[in-house]
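The sequence and structure come before the details.

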Amino acid sequence: MPRQAYVNGRYLPHRQGAVHIEDRGFQFADGVYEVVPVRERILIDEEPHLDRLERSLRELRIAMPVQRATLKLIARELIRRNDLSNGLVYMQITRGSAPREHAFPAHVSPTLVMTTRQLKPHREALLRDGVAVITVPDIRWRRCDIKSIGLLPNVLVKQAAAEAGAYEAWQVDDQGRVTEGSSTNAWIVTEDGTAVTRDASQAILNGITRLSLLKVIRAAGYGFAERPFTVAEAKAAREAFITSSTSYVMPVTRIDGVPVGDGRPGALTMALRQQYVDYMAGCAAAERGAAATGSAETGVGA
Ligand code: PLP
């Protein structure tokens, strides 16, 4: 079966998925999205991802197109139809389609699109050597806490990274402090072994991987701090890494060409990566167990 997508109530071949030319997502980037990682056919951290989706919608006064339980059913059905083992489910909700007018239309139904993507395991070289980041000015709006589909600044800086041969671009505020990557949260490890990541505010997207890793760090008893750090502090740090639903915990070994620490992936970084992978395996096992005993919230196994 060709890859399937879900568009406004219908499952259809991915290539045939389409929305109206006056969809406000297309015309104004008037919408939000979520990327939920899938491991061993199971959605990881589904509840926090859906909490964040609902929060983003509330902040923009866009209605939920369907109930949360229905979103979960659609995601599971797509995983099933697409035989998705490892990868992601992408959800996008826009305010809907209406004659082009900046103010909210009076009568509009939100557009819901869901797709999946199979992802290969991370290349061994990335984990062996770590990745490079460049630093760039953060030119985004002041509501980066909303997971808006308005991603043009993120696109531009990611392209700058690609052209510089780097994996990611760390955006930097007016005070020289790193906010986050184009699609990842930024972390360093200080000389005394403290894992540092910027505090959640309207300056960053509060990554679900960031939040889950903080839980893992707390449970393991490692030191951590949620505070801003400068580019200079990052370049002098012992270790650095990034987190996201698709990168998990990825070691950063060069910042603007400067080696971080000894230029190799850090020991704490790699320990945290392993513990995060174990955390995901635990989530998948728990969800499978709940589905087997029929106690899964939706009652549908993936
Ligand atoms: N920051 C930005 C700007 C992002 O776009 C993303 C993910 O898309 C993240 C951080 C990481 O968030 P998560 O861990 O929920 O994938």
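## Helices α2 and α3

In this predicted model, helix α2 (residues 46–60) packs against helix α3 (residues 68–81) at an angle of about 125 degrees, and their axes are 12 Å apart. Angles from 65 to 115 degrees count as roughly perpendicular and those over 145 as roughly antiparallel, and α2 and α3 are therefore oblique to each other. Their crossing is right-handed.

On the α2 side, the contact is made by Glu-46, Glu-47, Leu-50, Asp-51, Leu-53 and Glu-54. Arg-68, Leu-71, Lys-72 and Arg-76 make it on the α3 side. Sorted by class, this contact between α2 and α3 has seven charged residues, three nonpolar and no polar ones.

## Ligand surroundings

The ligand is surrounded by 18 residues, and the closest are Lys-147, Glu-180, Ile-208, Thr-209 and Ser-245.

Lys-147 has a polar side-chain atom 2.8 Å from an oxygen atom of the ligand. For Glu-180, a polar side-chain atom lies 2.6 Å from a ligand nitrogen atom. An N or O atom in the side chain of Arg-52 is 2.9 Å from an oxygen atom of the ligand.

## Helices α6 and α8

Helix α6 (residues 208–220) and helix α8 (residues 267–292) pack with their axes 10 Å apart, at an angle of about 105 degrees. That angle makes α6 roughly perpendicular to α8.

From α6, the contact involves Thr-209, Ser-212, Leu-213, Lys-215, Val-216, Ile-217 and Ala-220. From α8 come Leu-272, Gln-275, Tyr-276 and Tyr-279. By class, the contact of α6 with α8 has seven nonpolar, three polar and one charged residues.

Definitions and conventions: Residues are numbered from 1 along each chain as its sequence is written. This is a predicted model: local features need pLDDT of at least 70, side-chain atom pairs count only at pLDDT 80 or more; totals for chains, interfaces and linings use all residues. Side-chain values use heavy atoms; hydrogens and water are left out. Axes are lines fitted to C-alpha atoms, for helices over the stretch in contact, and angles run from 0 to 180 degrees between N-to-C directions. Helices (H or I, at least four residues) and strands (E, at least two) are DSSP runs, numbered from the N terminus. Angles under 35 degrees count as roughly parallel, over 145 as roughly antiparallel, 65 to 115 as roughly perpendicular and the rest as oblique. A crossing is left-handed if the near helix is turned anticlockwise from the far one by less than a right angle, and right-handed if clockwise. Contact means heavy atoms within 4.5 Å. Ala, Val, Leu, Ile, Met, Phe, Trp, Tyr, Cys and Pro count as nonpolar, Asp, Glu, Lys and Arg as charged, and the others, Gly among them, as polar. A residue is near a molecule or strand if one of its heavy atoms lies within 4 Å of it. A polar contact is a pair of N or O atoms within 3.5 Å; within protein, one must be able to donate a hydrogen and the other to accept it, and residues adjacent in sequence count only if both atoms are side-chain atoms.
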